[in-house]
Amino acid sequence: MKFYAPFCLPFIIGATAMFAIVLGKWLVWLLRLPRADKMLILRGLPSRATFGAVGEVFCESLLHRRIFRVNPVLGYMHMSLAFGWFLLISVGWIETVAHLGFRYVPLQGHVFFKYFATSLEHKPFFDFAMDLLLLFVLSGVALAWGKRLRSKALGMRRTTKHVLGDRIALSALWFIFPARLLAESATCALYGGGGFLTGSLGGWMHDRIGMLALMNLESAAWWFYSSCLGLFFVALPFSRYMHIFTEIPLIFLRRYRLRSGEKATSYDRFQLEACSRCGICIDPCQLQSVLGVDNVQSVYFLRDRRYKMLRPEIADNCLMCGRCATKCPVGIDLNTLRLNSRNRLRNLPDKRRYAYLKETDRSQGSGKVGYFAGCMTLLTPRILQAMEQVFTAAGEQVWWADRDGGVCCGRPLKLSGETDAARKMMRYNTELFRKHGITTLVTSCPICLKVFREDYALEGIEVLHHSEYILRLLRTGRLRLSHGDTRYTYHDPCELGRGSGIYDQPRAVIEAMGQLLEPAETRENALCCGSSVANTAISDGQQAAIARSVAAELEATGAETIVTACPLCKKAIARGATKEVHDLAEIVAAHIRR
Amino acid sequence: MKRNSWKEYQKQIADDRYYYARSCIRQNFFPGSEKAFIDILQNDLGRDLLDDPKHSSCTGIGYHSDIVPLETIMTVVARQFALMTEAGYENFVASCITSFGVYTEVLATWEEFPETEEKTRENLLKATGREFRKPASLAHTSDVMFHFREEIARKAKHKLVNALTGEPLHVVEHIGCHYAKIFPKSGIGGSEFPYVLAGMIESWGGQCVDYPERRHCCGFGFRNYLVQANRGYSIANSHKKLESMAPYKPDFIVANCPGCAMFLDKWQYAIAEMEGTTYGENGHGIPVLTYEEMAGLVLGYDPWALGMQMHQVDVEPLLDKMGIDYDPAAKYLGRNGKYIGKPASAVVNGCPPDTLYDMRE
Amino acid sequence: MASINFGYTISKPRAIDVDRNNLRRSDEILHEMPELQTCIGCGSCTAVCTAGNLTEFNFRRVHTLVRRGEYQGAYEEMNKCMLCGKCRLVCPRGINTRGVVMLIKHKLGDL
Amino acid sequence: MAKYFDMLMEDVRFREGLNSCMNCGVCTGVCPAAEFYNYDPRQIVSIVQTRDEEAIERLLKGDTIWYCGECMSCRPRCPRGNTPGYVIQALRTLSQKLGFFAESEKGRQQLALKRIIGDNILRTGYCIVPRLVKPDLHPEQGTVWKWIFDHDKDIFPQFTPVYMRHGAGALRRLDEESLGEIDRIFEVSGGKAMFESIERHSDRKARELGYEEGADQRYMMDVFLNNSNEHY
Amino acid sequence: MKKVIIIGGGAAGMQTALRLAERGIEALILEKEAEAGGKLRGWHALFPTFTPAEEVLTELRRRIEEKKIEIRTRSEVRSLTPKSVTLADGQRLDCDAVVLASGFTLFDAAIKEEYGYGLYDNVFTSADIERMLNEGRVARADGSAPQRIALLHCVGSRDEKVCQQHCSRVCCITGVKQAMELKQRFPEADIFNFYMDIRMFGPGYEEMYREAQQKCNVHFVRGRISEAAPTLDGRIQIKAEDTLTGRPLRMSVDMLILLVGMRANDDSAALAESAGLQRSPSGFMAPRDHFLHNVESNVEGIFYAGTVTAPKNIGETLNEAIAAADAAADYLNE
């Protein structure tokens with residue numbers, strides 16, 4: 001049996017090109033990985049991580065479990081396309097085997113089996129199964145068409161605006177399966193066979209179309225089908241559909257503990273090209289929902305970066321609140337990629353910078369517990385005062401790191417991309433902490449907290465947010481609070497919640513003093529106050545607009561007092577609120593029982 | 001120029017019987033000018049002027065270098081007044097602008113803080129046994145020259161006009177800062193548009209040039225010149241003025257302050273040596289005159305008798321322009337026509353003086 | 001020219017000479033960040049400045065100089081900023097001060 | 001306690017020169033020193049009117065107060081009737097009384113001024129005499145001055161009958177009686193005390209700076225000539 | 001019918017007369033110029049709304065005509081008492097009360113010699129600019145369009161040297177207004193306002209200031225100009241300190257506009273003496289007190305309206321005129 005016809009050419013060329021390019025890309029990316037990352041892969045390959053990765057590939061790349069969680073209809077759409085196509089290929093392969101046994105069949109033989117198999121005996125089970133799978137895929141295609149036309153029906157307020165390459169690949173993809181249906185049906189019309197879909201449509205065509213026309217139609221249909229496939233394959237490595245293949249190695253590498261960092265590496269390419277531009281990240285973005293800014297969201301950021309057309313104003317315009325990252329079906333580390341893009345735009349190592357940091361120790365007091373107020377707390381002296389009351393009530397001997405002015409923790413600078421310069425501040429503060437011999441470091445600023453935990457080398461020093469510290473005081477009985485009947489609502493600061501995973505401790509402290517009412521979006525879904533230090537692009541008015549929307553949501557709980565656990569959030573939300581806004585520490589200080 | 005506001009700043013200038021106080025800088029660098037002033041007043045105008053051998057410096061340079069305390073300079077000033085009183089004069093004229101500023105300031109301070117006058121009288125009496133009366137009028141010598149400008153114009157042998165074209169000469173007038181900036185009412189025309197030199201220039205046929213840095217200080221700045229380490233400041237200020245006036249192509253600069261005249265002359269030399277820049281025509285500098293020299297030329301005095309050979313910037317181009325007869329060969333002669341050699345050549349003089357004025361040729 | 005050692009040189013003027021300064025970059029900066037022009041010079045930014053507490057860094061002064069076309073040293077000065085963002089919270093005109101720091105550094109980085 | 005401020009208030013120039021500054025900058029706008037030094041007369045007035053003793057002490061010990069050229073261009077313009085130049089004079093006088101002048105490079109130059117101008121006044125009755133303007137220390141005086149300097153006895157007598165002699169006229173030698181009077185005036189009115197204070201504190205500082213002989217000729221020439229170029 | 005003489009036919013005088021007419025009191029306006037209208041005549045547009053001054057003036061005149069209120073022009077007052085006013089020609093007019101609404105005099109910028117007004121062609125005052133705006137042609141002396149303009153605040157205000165220690169209040173907002181008007185006409189021009197303090201005391205003023213900065217890119221330099229001098233090419237070189245940077249600043253400009261302040265009228269001393277009225281140190285008339293009797297003088301039967309007591313804007317002047325008329329009416333009805 002010969003598995004070749006001229007119409008196969010587009011497919012053969014397309015598939016060859018695609019595999020060559022995809023494999024080539026992977027190879028280059030892998031080779032360019034830093035040595036340490038390569039070691040991680042070598043160590044990970046023979047471990048259980050590999051099995052885990054296989055399972056995850058199945059769950060995510062084929063079944064799209066995470067999208068299901070966000071939006072079932074969207075999940076079904078992606079699953080029907082991905083998993084359906086995968087099944088079509090695998091069942092098709094079994095069908096070939098069932099017909100021909102284990103012998104070499106070229107790729108086009110599998111793909112266009114219906115065309116070449118007209119002389120073979122029909123196997124109704126496969127006819128049925130393949131038609132069922134085709135229907136499954138076509139249902140996904142229909143949904144995709146529907147999503148383009150009416151996105152809201154699928155629960156998405158916004159869909160991605162695509163580039164030209166994407167549009168070509170998308171159009172080709174949309175036509176692949178209808179073309180397959182047409183081509184297989186035409187063959188069925190001429191040679192019989194086919195299941196409930198292709199068989200029935202073939203029979204219908206057979207009855208209505210003349211033989212000659214039908215033969216021409218069949219030839220044209222297969223050409224069209226093959227061309228769609230070929231076009232799609234050629235476009236794939238350059239379009240968003242690269243994610244289909246890229247997500248697979250990404251899952252493996254992630255299981256081998258590869259991570260993006262503040263400096264870009266070729267691992268970032270796996271993440272960049274694993275983005276399917278599904279656009280799920282658009283809706284959670286408050287820049288979009290409140291300000292109507294619609295060209296900076298992660299999907300556009302990744303796209304621009306992938307095609308090397310990233311402009312600083314796009315890279316800068318992100319609150320880095322992490323709301324999109326929690327929703328990303330591919331689990332791309334969006335904040336880190338944003339950060340290392342900024343690093344590439346801005347980081348200029350300069351030995352002379354911050355030379356003035358020597359001899360600037362203005363700390364006061366001594367004790368095993370150190371308190372680092374942080375810049376923003378210094379601007380909100382009530383928090384500082386409250387912490388002092390808490391420390392006094394608990395009888396804690398405190399070393400005040402920066403009450404009379406200190407050096408910034410370095411996170412704002414890092415977030416702006418000047419990572420090397422930020423290291424100087426980090427080193428300075430680390431040395432300061434070490435010099436004063438503290439074992440616990442308490443801060444009331446989540447921005448500082450995150451950088452202390454993630455970027456400082458503070459082995460032997462326990463870093464606590466004041467909410468954790470206060471809860472510990474309560475649990476050990478060193479601090480006793482009075483319980484009242486005030487109703488509070490709590491705003492999760494981005495850097496504390498999504499950033500550092502601290503959700504429960506502040507809530508536990510609040511509940512020790514009054515009733516806690518949760519806003520509509522809370523914990524992982526909590527809104528950002530809008531004044532994030534990570535964003536240097538939006539204006540004051542825009543920050544205020546976000547603050548107003550956040551305050552409105554918090555006030556809608558009916559609480560009398562808005563509580564947060566971040567000096568910046570406090571200041572920001574207070575601008576938009578009609579109710580009182582307090583830091584956790586202030587509430588605690590007011591409830592201390594002596 | 002449309003400036004008429006000077007008429008609002010008039011002061012009483014005595015018409016005769018002056019007690020003359022010499023200037024440290026003027027007698028050092030422009031001894032001919034002081035001589036010319038006395039000659040013009042006594043000979044041309046027939047006025048009485050006393051050149052008292054007992055008077056001294058007002059110590060103003062020391063005062064403004066801050067090494068002479070206020071109380072001390074007040075007492076020195078009081079001594080001058082005492083000498084005047086003893087000589088039977090009451091119209092004090094100072095040859096120096098710094099001195100003029102000092103006398104004005106001291107009188108104003110005595111007015112404002114009478115206890116300082118008391119103290120000064122006490123000090124003077126203790127130190128010298130002298131007593132004084134305050135002068136009836138205090139003027140700078142340029143005020144006196146301004147006062148007689150029309151009389152001088154009537155006697156003029158030359159005008160401040162280009163003898164060839166008949167066009168008025170373009171003159172930059174530079175007023176010493178302490179003439180009117182400390183007490184605007186003490187200067188003719190006030191501090192913004194002082195008229196003391198402009199009035200002479202206009203009366204004698206010239207035309208004043210108003211350029212952006214007209215009011216800027218010459219840069220003496222006392223300690224800023226007197227200490228070598230600070231002279232970068234001093235030269236920079238003159239440099240700024242010269243740069244600003246050069247586009248107006250002035251025919252000469254005239255100053256009423258001896259220091260300013262000296263610095264604007266000497267700094268042209270230094271700038272030329274340092275940077276190769278000269279500001280006047282044909283690579284020569286801009287001649288800088290004292291108002292006595294200007295008056296002397298107008299009255300037909302010999303330039304070398306006025307001491308104009310003591311300038312670093314050559315005045316001959318100006319003399320030629322004004323059509324003044326002079327003996328080029330006599331410029332650098334010593335007493336009694338004795339040959340004493342010539343100054344070395346300098347960039348600001350355009351070409352070495354040897355080639356021009358060697359009498360042995 | 002004679003090589004006389006005077007022992008000093010002509011001092012350079014320190015005044016901001018708007019005629020001599022090239023305002024192109026300053027115009028670009030103001031074009032991108034027109035709100036910077038609304039600065040009323042209150043000095044709140046400098047008063048709270050973390051870097052200004054430790055050094056002579058004066059944000060208000062530096063950006064004012066940049067607006068006048070005095071770019072010399074502005075990049076180095078701005079590099080003293082820690083970008084902590086306190087100034088932004090206190091600015092009565094709501095100027096995006098951190099954005100200003102980054103913009104000035106971006107525009108003047110190659111000087 | 002406003003120690004320094006009160007001491008400044010004893011100076012009539014300070015009382016006359018300081019009313020209330022509204023920081024308009026008119027003085028700095030015309031100030032020749034502000035043009036060429038890192039100097040701002042407005043800020044000086046602004047600092048002294050705060051009566052911040054520490055800040056005033058920093059001024060008294062620093063270079064800034066010594067930049068002013070005392071041209072008084074600031075005086076006629078001030079809309080509040082201040083005279084920054086007078087304030088400077090008062091600050092300088094106090095700095096010399098207290099010996100603080102020796103703490104700054106520009107302040108230390110007062111020794112040179114005292115020895116050159118001050119001593120010359122007592123010696124000759126004039127601030128400057130031709131023999132003082134030595135061409136090697138005054139290269140900017142030019143070639144003509146050098147010619148004059150070298151031939152002074154041939155040139156000056158053309159314009160004065162009494163060059164370096166007693167009598168009336170320019171560049172005369174002042175009679176001994178007058179010189180004695182001037183000397184006594186300096187004695188009585190604090191001029192000598194000021195000279196002595198400058199000498200004493202300069203000597204102290206010179207030794208501090210490692211001049212073993214104190215404020216000798218070498219030290220004087222160093223303060224006269226050296227410029228750290230950190231003033232702009 | 002009682003009769004009140006109003007001295008001054010500007011905005012304050014006309015508004016006072018209108019209010020008195022409403023209260024059934026006869027009003028006679030004495031105006032020393034040939035035409036009523038005061039300083040509103042010749043002004044182009046009013047801040048902060050850019051309302052044409054002509055519009056306000058026309059409406060006031062229309063109402064005056066409607067109420068048939070007599071305005072006697074070319075009538076300079078020599079002296080007054082509460083019951084009579086004597087004109088310069090010696091004529092005595094009797095009345096029951098007097099409202100002094102004689103306004104202010106614009107500071108003569110030539111007195112600030114260092115700015116060279118009247119000497120240098122391209123130095124103008126704010127009043128000149130209003131006139132040019134009215135004529136529809138703002139230009140340099142040689143007719144060319146300016147490329148760089150400087151406006152200087154506080155000329156003849158807050159200045160001991162010219163004996164004007166008070167703040168004239170309206171010059172700041174006038175400077176902002178004119179900067180915007182000039183920017184509109186010369187979009188490519190750089191405009192610099194030199195100020196010491198920006199005093200935006202009225203409604204909408206601060207907003208206008210901000211708009212001038214952000215939208216019109218008007219530069220504001222904190223520093224009073226020290227002096228102006230002509231350059232060879234007919235421009236004006238100015239010197240100031242940029243006090244916010246602590247450095248001297250120089251630039252040459254095509255036009256220097258002096259925002260002249262308000263000063264008390266020259267005849268205020270003589271009038272005050274004739275009636276025994278008290279004046280404030282600034283030379284303006286002093287009201288009986290600043291809170292409860294601020295439209296009354298220390299002499300019973302003499303009232304004040306408008307800028308005769310202190311610099312004010314048009315809105316305040318018109319309001320005060322009503323208050324003065326009411327105070328006078330109440331006094332007469334007592």
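A salt bridge is counted here when a side-chain nitrogen of Lys or Arg lies within 4 Å of a carboxyl oxygen of Asp or Glu. The model is a predicted one, in which local features need pLDDT of at least 70 and side-chain atom pairs count only at pLDDT 80 or more, while totals for chains, interfaces and linings use all residues. Residues are numbered from 1 along each chain as its sequence is written, chains are lettered from A and ligands numbered from 1 in the order in which they are written, and side-chain values use heavy atoms, with hydrogens and water left out.

## Salt bridges

Over all chains, a search of the whole structure finds 126 salt bridges.

| Asp143(B) | Lys11(B) | 2.4 Å |

In chain B, Asp143(B) and Lys11(B) form a salt bridge. Asp143(B) belongs to helix α7 (residues 141–147) of chain B and Lys11(B) to the segment before β1 (18–21) of chain B, so this pair ties together parts that are 132 residues apart in sequence.

Glu103(D) sits in the loop between α7 and α8 (105–108) of chain D, whereas Arg204(D) is in helix α13 (residues 191–208) of chain D, so the pair links parts that are 101 residues apart in sequence. Glu103(D) is partly exposed at 30% relative accessibility, and Arg204(D) is likewise partly exposed, with a relative accessible area of 32%.

In chain E, by contrast, Glu66(E) and Arg62(E) both lie in helix α2 (residues 53–66), 4 residues apart, which is about one turn of the helix. Arg62(E) is partly exposed, its relative accessible area being 41%.

## Contacts between chains

Contact means heavy atoms within 4.5 Å. Among the 7 pairs of chains that touch, chains B and D have the most contacts. Chain A and chain B, on the other hand, are joined by no contact, and their closest C-alpha atoms lie 31 Å apart; chain A and chain E do not touch either, with nearest C-alpha atoms 13 Å apart.

The contact of chains B and D takes 97 residues from chain B and 88 residues from chain D. About 7600 Å² is buried between chain B and chain D, and carbon and sulfur atoms give 59% of this area; buried area is the accessible area (1.4 Å probe) that two parts lose on being put together, summed over both. Asp66(B), Ile67(B) and Arg223(B) supply 10% of the area that chain B buries against chain D, more than any other three residues.

## The domains of chain D

Chain D is divided into domain 1 (4–98) and domain 2 (107–225), with bounds that come from an automatic or database domain assignment. The centres of the two domains of chain D, taken over C-alpha atoms, are 28 Å apart, and their contact takes 6 residues from domain 1 and 6 residues from domain 2. Domain 1 and domain 2 of chain D bury about 500 Å² between them, 53% of it on carbon and sulfur atoms, and 0 salt bridges are found across this interface.

## Two buried residues

Ser33(B) is found in helix α2 (residues 31–44) of chain B and is buried, with a relative accessible area of 0%. Leaving aside residues up to four places away in sequence, Ser33(B) touches Arg26(B), Thr290(B), Glu292(B), Glu293(B) and Leu306(B).

Thr93(D) has its place in helix α7 (residues 84–98) of chain D and counts as buried at 8% relative accessibility. Not counting residues up to four places away in sequence, Thr93(D) touches Asp11(D), Arg13(D) and Met194(D).

Notes
Buried means under 20% relative accessible area, exposed over 50%, partly exposed in between (1.4 Å probe, protein chains only).
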